[in-house]
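Work through the exercises below with the model open. Try each task before you read its solution.

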Amino acid sequence: MGRSFRWLLASSWTSNIGDGVALAAGPLLVASQTDSAFLVALAAMLQRLPWLLFGLWAGVLADRLDRRRVVIVANLLRALVVTLLVGIIATGHVNIVLVLAAMLLMGVAEVFADTTSQTLLPMVVDKADLGIGNARLQAGFLTANQLAGPPLGAFLFAAGMAWPFLVQVLTAVLAVVLVARVTLPAVPRAKGRSHVRQDVAEGLRWIWSNRPVRTLALVILVFNVTWAAPWAILVVYSLDHLDMGPVGFGLLTTASAVGGLLGTFVYGRLERRFSLATLMKVCLSLEVLFHLSLALATTGWVALVTLFVFGAYAFVWGTVSNTVRHRAVPTRFQGRVASVYMMCVFGGIVVGNALGGLIAERWGLTAPMWFAFVGAGVTLVLVWRQLANIAHTEAD
């Protein structure tokens with residue numbers, strides 16, 4: 001698949017190790033500075049809020065500027081923020097206000113780095129290799145970010161509060177060195193200068209006028225709302241409804257990650273045997289059944305099997321949906337479309353989390369699962385006939 005893809009893959013895996021370490025160390029740092037549940041929740045929100053505030057602007061910059069440089073600069077700025085945080089921790093002047101400020105700044109840098117990173121794969125591999133390329137990137141995310149990184153982050157935090165963040169700095173810098181070796185083709189850009197708002201409007205008009213891309217964005221938005229509603233109360237559901245205990249809850253998330261690894265490793269075989277449209281229909285159908293299974297589950301082992309299956313099809317879906325988008329969107333719009341899709345993801349999660357808590361409070365712990373089952377099922381029925389067209393749309 002080429003030398004540039006190998007450098008990109010190595011950079012992604014390296015970056016995911018640091019992000020996985022921070023996934024555990026970040027909440028531990030927040031919890032060490034406050035007993036307030038509100039401030040703990042605020043820290044998580046501050047890392048997602050920048051996607052809603054700056055997502056569209058990040059997409060414009062990705063389409064205007066040298067994409068490799070945008071990734072490099074954004075990751076170096078993120079590394080700088082974490083370096084300052086390490087210094088503050090080492091000198092003993094850390095407090096919750098500084099931690100929250102660092103979370104917000106890292107979230108802003110992440111928006112620009114991740115939005116632009118998503119545009120690189122279709123620039124360095126052929127369209128026929130996009131599925132395998134996305135699967136290998138997903139495998140790195142699962143292995144480094146979800147499985148290896150968090151335990152390492154917790155261990156390093158126990159050894160010393162600053163150690164996991166120092167590791168995050170080192171991995172971020174190494175990832176920058178690796179992505180700097182990637183060679184990208186020139187991107188055709190519009191002549192003359194335009195205002196950022198004009199570029200944003202142009203990107204939104206293109207998405208709205210392209211029915212397959214528009215419909216896929218709406219599917220991602222709705223399915224993230226329905227997914228996030230039950231996921232928001234999963235810990236309480238596992239403890240109080242299934243009586244699984246803290247270890248059981250940890251096993252649920254582990255089962256999901258292990259299933260995801262299976263999904264990414266068999267993706268190549270699935271793509272060769274089935275059409276993308278078939279894979280999309282199967283994955284979305286399994287998503288509907290996932291919610292039904294959790295709604296009906298009364299024992300922990302049923303939930304474990306359900307989460308394992310969820311991980312397997314969810315990461316197949318992630319690979320398929322990214323591949324479909326990469327094939328359908330012209331290079332000059334990749335940044336803006338990626339930013340809109342990420343806003344759909346995080347916007348859906350924010351809305352779904354809020355709905356899940358409210359529904360569970362009013363109607364019980366399985367009510368969010370029933371809400372998700374009905375919402376996802378109705379959405380799937382409405383878009384079923386369009387999935388074939390979405391799956392095989394090619395960029396002009």
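**Exercise 1. Cysteines**

Does cysteine 283 count as buried or exposed, and at what relative accessibility?

Solution. Start with the ground rules. This is a predicted model, where local features need pLDDT of at least 70, side-chain atom pairs count only at pLDDT 80 or more, and totals for chains, interfaces and linings use all residues. Residues are numbered from 1 along each chain as its sequence is written, and side-chain values use heavy atoms, with hydrogens and water left out.

Step 1. Apply the classes: buried is under 20% relative accessible area, exposed is over 50%, and partly exposed is in between (1.4 Å probe, protein chains only).
Step 2. Cysteine 283 has 4% relative accessibility, so it counts as buried.
Step 3. Cysteine 344, at 12% relative accessibility, counts as buried.
Step 4. Now look for disulfides (a pair of cysteine sulfur atoms within 2.5 Å). The structure holds zero. Cysteine 283 is in none, and its nearest cysteine sulfur, in cysteine 344, is 19 Å away.
Step 5. Read the pair from the other end. The closest cysteine sulfur to that of cysteine 344 is in cysteine 283, and 19 Å is too far for a bond.

**Exercise 2. Salt bridges**

Trace the network that links Asp63, Arg67, Glu202 and Arg336.

Solution. Side chains of opposite charge can pair when their charged atoms come close.

Step 1. Set the rule: a salt bridge puts a side-chain nitrogen of Lys or Arg within 4 Å of a carboxyl oxygen of Asp or Glu. The count comes to four.
Step 2. Begin at aspartate 63. Its salt bridge with arginine 67 has the closest N and O atoms 2.7 Å apart. Arginine 67 is buried, with a relative accessible area of 2%. Aspartate 63 counts as buried at 7%.
Step 3. Move on to arginine 336. Aspartate 63 forms a salt bridge with this residue too, with the closest N and O atoms 2.7 Å apart. Aspartate 63 lies in helix H2 (residues 37–64) and arginine 336 in helix H15, so the pair ties together parts that are 273 residues apart in sequence. Helices here are DSSP runs (H or I, at least four residues), numbered from the N terminus.
Step 4. Check the cover on arginine 336: at 9% relative accessibility, this residue counts as buried.
Step 5. Finish at glutamate 202. Its side chain meets that of arginine 336 in a salt bridge (3.0 Å, N to O). This pair links distant parts of the chain, with arginine 336 in helix H15 and glutamate 202 in helix H8 (residues 196–209), 134 residues apart.
Step 6. Glutamate 202 is partly exposed, with a relative accessible area of 34%.

**Exercise 3. Helix spans and ends**

What span should H15 have, and how far apart are its end C-alpha atoms?

Solution. 

Step 1. The expected span is 1.5 Å times one less than the number of residues.
Step 2. H15 has 30 residues and should span 44 Å; its end C-alpha atoms are 42 Å apart, which agrees.
Step 3. Just after H15, glycine 364 takes a positive phi of about 110°.
Step 4. Inspect the start of H9. A side-chain oxygen of asparagine 210 comes to within 3.1 Å of the backbone nitrogen of valine 213.

**Exercise 4. Surface and loops**

Which elements give two or more residues to the nonpolar patch?

Solution. 

Step 1. Define a patch: residues with over 30% relative accessible area and no salt bridge, with nonpolar side chains (Val, Leu, Ile, Met, Phe, Trp, Tyr) joined within 5 Å and like charges within 9 Å.
Step 2. Val258, Leu262, Trp301, Val305, Phe308 and Val309 form the nonpolar patch, with about 530 Å² of accessible area together (Shrake-Rupley method, 1.4 Å probe, only the protein chains shown counting as cover for residues).
Step 3. The elements are helix H11 (245–265) and helix H14 (300–328). H14 gives the most, with four residues.
Step 4. Take valine 305, in helix H14. This valine is partly exposed, with a relative accessible area of 45%.
Step 5. Turn to the loops. Aspartate 243 sits between helix H10 (234–241) and H11. Aspartate 243 has a positive phi of about 55° although it is not a glycine. Its relative accessible area is 63%, so aspartate 243 is exposed.
Step 6. Threonine 331 is in the loop between H14 and helix H15 (334–363). Threonine 331 is partly exposed at 34%.

How values were computed
A polar contact is a pair of N or O atoms within 3.5 Å; within protein, one must be able to donate a hydrogen and the other to accept it, and residues adjacent in sequence count only if both atoms are side-chain atoms.
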